[in-house]
Amino acid sequence: MTGSLLYQIRNLSFFLPQTFYSYEAEIVEKQARSIQTLIKLSKLPYRKTIDTFDFTAQPSVDERRIRELLTLSFIDRKENILFLGPPGIGKTHLAISIGMEAIARGYKTYFITAHDLVNQLRRADQEGKLEKKLRMFVKPTILIIDEMGYLKLDPNSAHYLFQVIARRYEHAPIILTSNKSFGEWGEIVGDSVLATAMLDRLLHHSIIFNLKGESYRLREKRLQQEKQKDQ
């Protein structure tokens with residue numbers, strides 16, 4: 001081996017690690033910026049992961065099934081996820097934790113309440129921009145629709161929600177939370193036929209969780225009152 005070649009090899013072994021680590025750090029930084037952008041665009045009301053969910057306080061929630069959802073295999077299967085149950089038991093937390101996992105893996109996610117979704121689409125329709133707004137709700141890989149049923153929808157506007165559900169059907173999943181049973185949806189939207197059409201598309205390919213139990217807030221208040229009595 002000539003001295004010149006030996007010199008080149010030594011130089012290569014010295015500079016390659018630095019170059020590699022620099023490139024690796026650049027990739028990590030770029031991914032971090034991308035995730036922060038996705039979080040900002042998602043409109044998630046807060047950032048919560050499954051690690052902060054108290055499964056012991058909500059025994060009706062099957063932790064194994066929830067963690068299976070975090071594999072995100074439901075995305076490829078175009079399956080909707082529905083969390084049903086009374087207020088305050090963690091439905092939104094679970095929905096957001098799945099959304100956060102999706103974002104961490106580079107999937108576009110968008111969060112909105114059912115009431116706000118309908119209001120935005122109605123306003124867009126009045127401004128002649130309905131199609132553009134509909135595309136905004138169809139485009140994300142995952143659409144989280146929160147609080148379905150907390151407020152009744154205007155019967156004249158509920159069809160906007162149906163359009164979103166219909167366009168995403170067998171195309172991209174919806175994660176939906178509701179404090180109402182499916183039998184009450186006719187009352188929520190003011191039209192039993194429209195409610196049936198929505199549910200037909202939502203439930204065809206779906207994973208359903210029926211949550212039960214005491215509200216976190218009511219539980220904390222009860223425990224605090226019991227503690228005060230013991231003092």
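This is a predicted model: local features need pLDDT of at least 70, side-chain atom pairs count only at pLDDT 80 or more; totals for chains, interfaces and linings use all residues.
**Figure 1. Phe182 sits in the loop between β4 and α8.** Is Phe182 buried, partly exposed or exposed? Its relative accessibility is 24%, so Phe182 counts as partly exposed. Now look for its partners. Setting aside neighbours within four places in sequence, Phe182 is in contact with Leu82, Leu84, Leu199, Leu203 and Ile208. Take Leu84 as one of them. Phe182 and Leu84 are 98 residues apart in sequence. In space, their C-alpha atoms are 9.1 Å apart.

**Figure 2. The whole chain gives the setting for the close-ups.** The chain has 231 residues, and 39% of them count as buried. Its secondary structure comes to 10 helices and five strands. How many of the contacts between residues at least 6 apart in sequence join residues at least 24 apart? The share is 82%.

**Figure 3. Helix α5 packs against helix α6.** Two packed helices are described by the angle between their axes and the distance between the axes. Here α5 covers residues 114-126 and α6 covers residues 130-138. Their axes come within 7 Å and cross at roughly 150°. That angle makes α5 roughly antiparallel to α6. Which residues meet? From α5 come Leu117, Gln120, Leu121, Ala124 and Asp125. From α6 come Leu130, Lys133, Leu134, Met136 and Phe137. Sorted by class, this contact of α5 with α6 has seven nonpolar residues, one polar and two charged.

**Figure 4. Helix α5 also packs against helix α7.** The axes of α5 and α7 are 8 Å apart, at an angle of about 100°. That makes α5 roughly perpendicular to α7. Helix α5 brings Leu117, Val118, Leu121, Arg122 and Asp125 to the contact. Helix α7 brings Tyr160, Leu161 and Val164. By class, the contact of α5 with α7 has six nonpolar residues, no polar ones and two charged. Compare the residue lists of the two views. Leu117, Leu121 and Asp125 of α5 take part in the contact with α6, and Leu117, Leu121 and Asp125 also take part in the contact with α7.

**Figure 5. Arg67 and Glu63 form a salt bridge.** Side chains of opposite charge can pair when their charged atoms come close. The structure holds 10 salt bridges. In this one, the N to O distance between Arg67 and Glu63 is 2.9 Å. How far apart are Arg67 and Glu63 along helix α2 (residues 63-69)? They are four residues apart, so about one helical turn separates them. Arg67 is partly exposed, at 35% relative accessibility. Glu63 is partly exposed too, with a relative accessible area of 33%.

**Figure 6. Arg105 and Glu101 form another salt bridge.** The N to O distance is 3.0 Å. Arg105 has a relative accessible area of 46%, so Arg105 counts as partly exposed. Glu101 has 25% and is also partly exposed.

**Figure 7. A salt bridge joins Arg167 and Glu131.** These side chains meet at 2.7 Å, N to O. Where do the partners lie? Arg167 is in helix α7 (residues 158-168), and Glu131 is in helix α6. The pair is 36 residues apart and links distant parts of the chain. Arg167 is partly exposed, at 34% relative accessibility. Glu131 is partly exposed, at 38%. Elsewhere, salt bridges that share partners join Asp51, Glu63 and Arg67 into one network.

**Figure 8. Phe53 and Phe55 form an aromatic pair.** The count of aromatic pairs comes to four. The ring centres of Phe53 and Phe55 are 4.8 Å apart. Their planes lie at 65°, so the pair is edge-to-face. Both Phe53 and Phe55 are buried.

**Figure 9. Glu147 and Glu170 have positive phi values.** Most residues other than glycine have a negative phi. Glu147 is not a glycine, yet its phi is about 60°. Glu147 is found in strand β3 (residues 142-148). With a relative accessible area of 36%, Glu147 is partly exposed. Phi of Glu170 is near 55°. Glu170 lies in the loop between α7 and β4. Its relative accessible area is 45%, so Glu170 is partly exposed.

Methods:
Residues are numbered from 1 along each chain as its sequence is written. Side-chain values use heavy atoms; hydrogens and water are left out. Axes are lines fitted to C-alpha atoms, for helices over the stretch in contact, and angles run from 0 to 180 degrees between N-to-C directions. Helices (H or I, at least four residues) and strands (E, at least two) are DSSP runs, numbered from the N terminus. Angles under 35 degrees count as roughly parallel, over 145 as roughly antiparallel, 65 to 115 as roughly perpendicular and the rest as oblique. Contact means heavy atoms within 4.5 Å. Ala, Val, Leu, Ile, Met, Phe, Trp, Tyr, Cys and Pro count as nonpolar, Asp, Glu, Lys and Arg as charged, and the others, Gly among them, as polar. A salt bridge is a side-chain nitrogen of Lys or Arg within 4 Å of a carboxyl oxygen of Asp or Glu. Buried means under 20% relative accessible area, exposed over 50%, partly exposed in between (1.4 Å probe, protein chains only). Rings of Phe, Tyr and Trp (its six-membered ring) pair if their centres lie within 6.5 Å; planes under 30 degrees apart count as stacked, over 60 as edge-to-face and the rest as tilted.
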